[in-house]
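Reader: I'd like to go through the inside of this protein and its charged pairs. Can you take me through them?

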Amino acid sequence: MLRQDFNRVDPKRRNVVDHRKKQFADPAYKENQYPHRLNIYATPPTADITLEQFEQWAIDRLRILAELEACSFRNKSFPETLAHMKPLLDKYLPLESNTSSSTRLAAERQKDHYSHFILRLAFSSTEDLRRRFSRVETMLFRLRLELDSAKERMEFVQSLNLDWEPVSPEEKMKYLAELGAISGFRKGGADEETYFKVDWERVPDLVESRRVFLRAGKAFVPSKELSSMVSVEFTKRLHRALELTARALPRLDEDDRLTPILDHLSKNFITPDSAYSSGTSDVPGADISARNIDNLSTNFPLCMQHLHRSLRRDAHLKHFGRLQYTLFLKGIGLNLEECLVFWRSAFHKVTDDQFNKEYRYNVRHVYGDVGGDSNRRGGGYSPFSCQKILTEHPPGPGEAHGCPYRHFNLENLSALLQGVGITDQSVLRGVKEDKEKQKFHMACNRVFEHVHKNEMKQAKDEGVMTSAQLETIVHPNEYFKRSYLLKNLNKVKSEDVKMSE
């Protein structure tokens with residue numbers, strides 16, 4: 001009897017399940033249907049995807065969001081942003097309409113759906129990330145809303161079942177003059193427009209720009225302003241969803257596959273990572289040799305100019321400075337033999353024996369000339385992107401590597417900029433504001449656009465470079481390539497060299 005009592009299971013305890021297991025065990029699979037091009041992301045995806053898809057889809061969406069944020073900081077108008085982003089959307093995050101005959105329609109919409117939720121996980125951890133993510137996702141949603149056809153846009157809006165009250169014919173006639181004024185119609189034209197009535201707090205942008213009629217706490221909104229109304233609804237829902245996601249994040253800590261990827265993505269929101277491949281940043285026709293580095297350095301970004309000037313001043317750079325600069329020189333097309341010549345002449349205070357013992361091997365290793373088989377097969381290491389320079393190995397005393405826009409104090413940064421010829425006070429003030437907002441890559445692009453403003457105008461006017469090719473620079477080697485080609489514009493035109501890949 002005692003034995004039976006001992007083995008008996010308490011029926012109340014039988015139903016007690018660890019909340020984490022209950023949360024993530026056997027999720028109900030539901031195949032997602034995408035009847036519309038647009039998505040308000042109300043339902044999380046549940047189907048399986050590979051880790052490679054998980055990361056690549058998120059990176060592609062991050063490129064788009066980062067470029068949208070860059071357009072905002074450049075104060076581009078909505079039409080300018082639309083024109084600039086269209087080719088980038090087609091490249092990284094295409095979404096065809098229902099009238100398209102594309103066989104990739106479902107795959108495109110699945111990628112859009114999943115990439116949104118992946119980044120939602122990555123950017124829910126802090127209030128700043130949530131705010132930035134919500135702002136740029138709303139910008140992306142508005143762009144797509146404008147690109148949609150009127151018919152598909154209306155079908156999408158109707159599918160949302162939003163509680164917007166249509167204005168009755170009696171109310172319309174009562175306020176016909178006021179409605180005509182906000183719609184821009186002449187007398188009688190307002191009668192043909194459709195209006196909706198919503199609480200005025202739901203359309204603050206329309207109230208601010210005086211595009212609605214206000215009466216008794218309600219905003220009378222013409223149907224042509226549907227985009228603004230839907231965008232506000234999108235933002236409100238996303239804010240709420242991000243807060244819920246933030247509360248659920250601790251439950252993901254045990255998954256050692258996803259956490260590193262999500263951490264990497266959130267760091268990339270400082271500036272998007274840019275993949276480097278051999279040939280991407282080479283400049284055809286340029287004299288890339290040890291003897292010409294001094295001349296070429298005028299086209300270097302500030303981080304590499306600072307390394308070069310420090311090297312010339314001290315005849316030495318510490319380890320991470322040598323690594324960052326050697327990889328950059330390799331990326332612009334300096335071959336191993338010329339790179340060894342460059343470093344030997346630069347380290348003129350050391351003997352040949354000391355240089356060969358302490359420095360030669362490291363240069364050869366970076367190029368893949370020595371080291372493990374995988375290093376040699378891969379051609380050595382790739383040049384550092386802005387993202388890597390910003391987030392890894394911050395410089396210590398006596399070190400010259402890193403990003404001046406991030407790692408210098410404001411006084412030293414201003415002195416360095418003026419030392420390389422940036423004296424325009426409006427540019428220096430803009431850089432100060434970018435630094436305070438931690439938009440370090442925007443500060444770098446601001447300086448680039450100031451230095452090259454005349455050449456950029458000429459390149460666009462003459463059709464050598466399109467607006468789409470002015471995608472925000474996020475790699476030092478791309479900075480050099482674009483700078484050199486712009487400064488040698490006549491040579492570029494004669495040789496028909498592409499301005500950007």
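What follows is a short chat about cavities and salt bridges.

Author: First, this is a predicted model, where local features need pLDDT of at least 70, side-chain atom pairs count only at pLDDT 80 or more, and totals for chains, interfaces and linings use all residues. Residues are numbered from 1 along each chain as its sequence is written, and side-chain values use heavy atoms, with hydrogens and water left out.

Reader: What volume does the largest cavity have?

Author: A cavity here is a set of points, on a 1 Å grid over the protein atoms alone, where a 1.4 Å probe fits but cannot get out. Points are joined across faces, edges and corners, and the volume is the space filled by probe spheres set on them. The structure holds five cavities of 30 Å³ or more. For the largest cavity, the volume comes to about 140 Å³.

Reader: Which residues lie nearest the centre of the largest cavity?

Author: Lining residues are those with an atom within 4 Å of a point. Helices α15 (302-314), α20 (386-391), α21 (404-407) and α24 (440-451) each give two or more residues to this lining; a helix is a DSSP run (H or I, at least four residues), numbered from the N terminus. The lining has 14 residues, and nearest the centre are Cys-303, Cys-386, Cys-403, Tyr-405 and Cys-444.

Reader: Which residue forms a salt bridge with Glu-225?

Author: A salt bridge needs a side-chain nitrogen of Lys or Arg within 4 Å of a carboxyl oxygen of Asp or Glu, and the count by that rule is 30. For Glu-225, the closest N and O atoms of the pair are 3.0 Å apart. Glu-225 itself is buried, at 10% relative accessible area (buried is under 20%, exposed over 50%, partly exposed in between, with a 1.4 Å probe and protein chains only). The partner is Arg-211.

Reader: Is Arg-313 buried or exposed?

Author: Arg-313 forms a salt bridge with Asp-314, with 2.9 Å between the closest N and O atoms. Asp-314 is partly exposed, at 35%. Arg-313 has 57% relative accessibility, so this residue counts as exposed.

How values were computed: 1 Å grid on protein atoms, 1.4 Å probe; cavity = no way out; pocket = protein on both sides within 12 Å on 5 of 7 lines; lining within 4 Å.
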